[in-house]
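Subject: Structure handover

Hello,

Here is the structure for you to look over. My notes follow below it.

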Amino acid sequence: METRFGEVLARAQAAGRAVGAFTCYDLLGFEAVVRAAESRGAPVVVLVSPASFGAEGGERLVRAFGAAARCSSADVLVQLDHVRDGRLIERAADCGVDAVMADGSKLPFGENLAFTRTVVGSVRSRGVGVEAELGRVEGQEDEAGETLSGEATDAGEAGRFVGESGVDCLAVAVGNVHGHYSGAPKLDWRRLREIRGSSPVPLSLHGASGLPERDLRRAVSLRVAKFNVNTELRAAYFRRLGEELGAETAKLNLKGLGDGVVGAVQEVVEAKLSAFGWR
C-alpha cells in the first residue's frame, strides 16, 4: 500500500526536486511554511517534534495542523519527527498524521529493523507513511549547539534495511548533523552515491539548516528527496521576535508581532525551497 507521504516524495524526486520538511512549534511557524509552499507551488512536510506532541495540548496542535493543511492549495503533510516511543506513534496515527519518523538509530541494526518493521505493520494500513534512520545523525532537534557527525550509514546495510522494513523513506548519516555544525560541513558524497544505488526508496537528509546552498543542490542532484530544516527557522523566529518586541509591546499589538514572525520565517523557508528546486 503506497502512502501519500511516499507518493509526494517520489513525485518530487521524479521531477528532479526535493521536499522541504520544516519543524513547526506553533501556528505562526506553520503559517509561514504554508505561505512559502503556496508561493513556490511546492509540497512541504510540517514536522512536529516528539517533545511538542508529548506535551499538554500536543494532540490538539497536531489536529490543528492537519485541519489547516487540508485548507491549503499546496500539498502540506504533517509528520511526527524522531519518535522512539511506540505509544506516541499510535497516538499520532490516531490524530491523523501523514507520516511518522520511527527513530531506532541508536539501536543495533537488528533491533532498529525490528522496531521499524513493527511500526510499518502498525500504521501503514491507516495510510501513515514511515521514515526510518540508519546510521546516526547527532545533535538535538529542538535546541541549537555545535555537534560532531555521528556513525555513518553503511550502504550495504541500507539496501537490506529498506527491503526488509518496508519504509517509505530512509534518513541517512553522511556527515550531516542536527543543530550547528562544528566547523565547515563536509558531506561524504561517495557514500551518499553508494547508498542511493542500494536504496529503492527516497532518501532524507536531516540537518539541512547548516548546509550551504551548493551542497543542498548537489544532494538534490544525487536524488535526495527530503530535507529536514529546523535551526534556521527558529533563529529567524527569535531574531524577529526580539526586533519587534520593544515596539509592539508598548501597543500590545499581537497581530503585528505575529505578522513579523511569519514574514521572517517564510523568507527562510522560501530560500530553502528554491535550493530544493522549487523556483
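Start with helix H1, which spans residues 4–14 and holds Gln 13. Please keep in mind that this is a predicted model.

Is Gln 13 buried or exposed? Its relative accessibility is 14%, and the cut-off for buried is under 20%, so Gln 13 counts as buried. Leaving aside residues up to four places away in sequence, Gln 13 touches Arg 196, Pro 202, Arg 223 and Ala 225.

One of those contacts, Arg 223, deserves a look of its own. Its phi is near 70 degrees, a positive value in a residue other than glycine. Arg 223 sits in the loop between H9 and strand E10 (224–229). With a relative accessible area of 43%, Arg 223 is partly exposed.

His 82 also has a positive phi, near 45 degrees, and is likewise not a glycine. This residue belongs to strand E3 (residues 76–83). His 82 is buried, at a relative accessible area of 2%.

Now the sheet. Which strands close into the barrel, and in what order? There are eight, running E1-E2-E3-E4-E5-E7-E9-E10, and the pairing is parallel. Neighbouring strands are turned by 25 degrees against each other on average, with direction ignored. In general, strands of a sheet pair through backbone hydrogen bonds, either parallel or antiparallel.

Strand E7 (residues 169–172) and strand E9 (residues 203–205) run parallel and are joined by three bridges. Val 172 stands opposite Leu 205 in E9.

Two helices to check against the strands:

- Helix H4 (residues 58–69) lies across strand E2 (44–48) and E3, and runs at about 155 degrees to E3.
- H9 lies across E9 and E10, at about 145 degrees to E10.

Next, the helix pairs.

H6 and H7. Helix H6 covers residues 109–123 and helix H7 covers residues 155–165. Their axes come within 9 Å and cross at roughly 30 degrees. Angles under 35 degrees count as roughly parallel, so H6 is roughly parallel to H7. The crossing is right-handed. On the H6 side, the contact is made by Phe 109, Asn 112, Leu 113, Thr 116, Arg 117 and Val 120. H7 brings Glu 157, Arg 160, Phe 161, Glu 164 and Ser 165. By class, that contact of H6 with H7 has four nonpolar, three polar and four charged residues.

H9 and H11. Helix H9 (residues 213–221) packs with helix H11 (residues 254–275) at an angle of about 45 degrees, and their axes are 9 Å apart. H9 and H11 are therefore oblique to each other. Which residues meet here? From H9 they are Glu 213, Leu 216, Arg 217 and Val 220. From H11 they are Lys 272, Ser 274 and Ala 275. By class, the contact of H9 with H11 has three nonpolar, one polar and three charged residues.

The loop between H9 and E10 holds Arg 223, and Arg 223 is touched by Gln 13, a residue of H1.

Over to you.

Best wishes

How values were computed:
Residues numbered from 1 in each chain as written. Predicted model: local features only at pLDDT ≥ 70, side-chain atom pairs only at ≥ 80, totals over all residues. Heavy atoms only, no water. Axes fitted to C-alpha atoms, helices over the stretch in contact; angles between N-to-C directions. Helix = DSSP H or I, 4+ residues; strand = E, 2+ residues; numbered from the N terminus. Parallel < 35°, antiparallel > 145°, perpendicular 65-115°, else oblique. Contact = heavy atoms within 4.5 Å. Nonpolar A, V, L, I, M, F, W, Y, C, P; charged D, E, K, R; others polar. Buried < 20%, exposed > 50% of the residue type's maximum accessible area, 1.4 Å probe, protein only. Left-handed = near helix turned anticlockwise from the far one by under 90°. Pairing = 2+ DSSP bridges.
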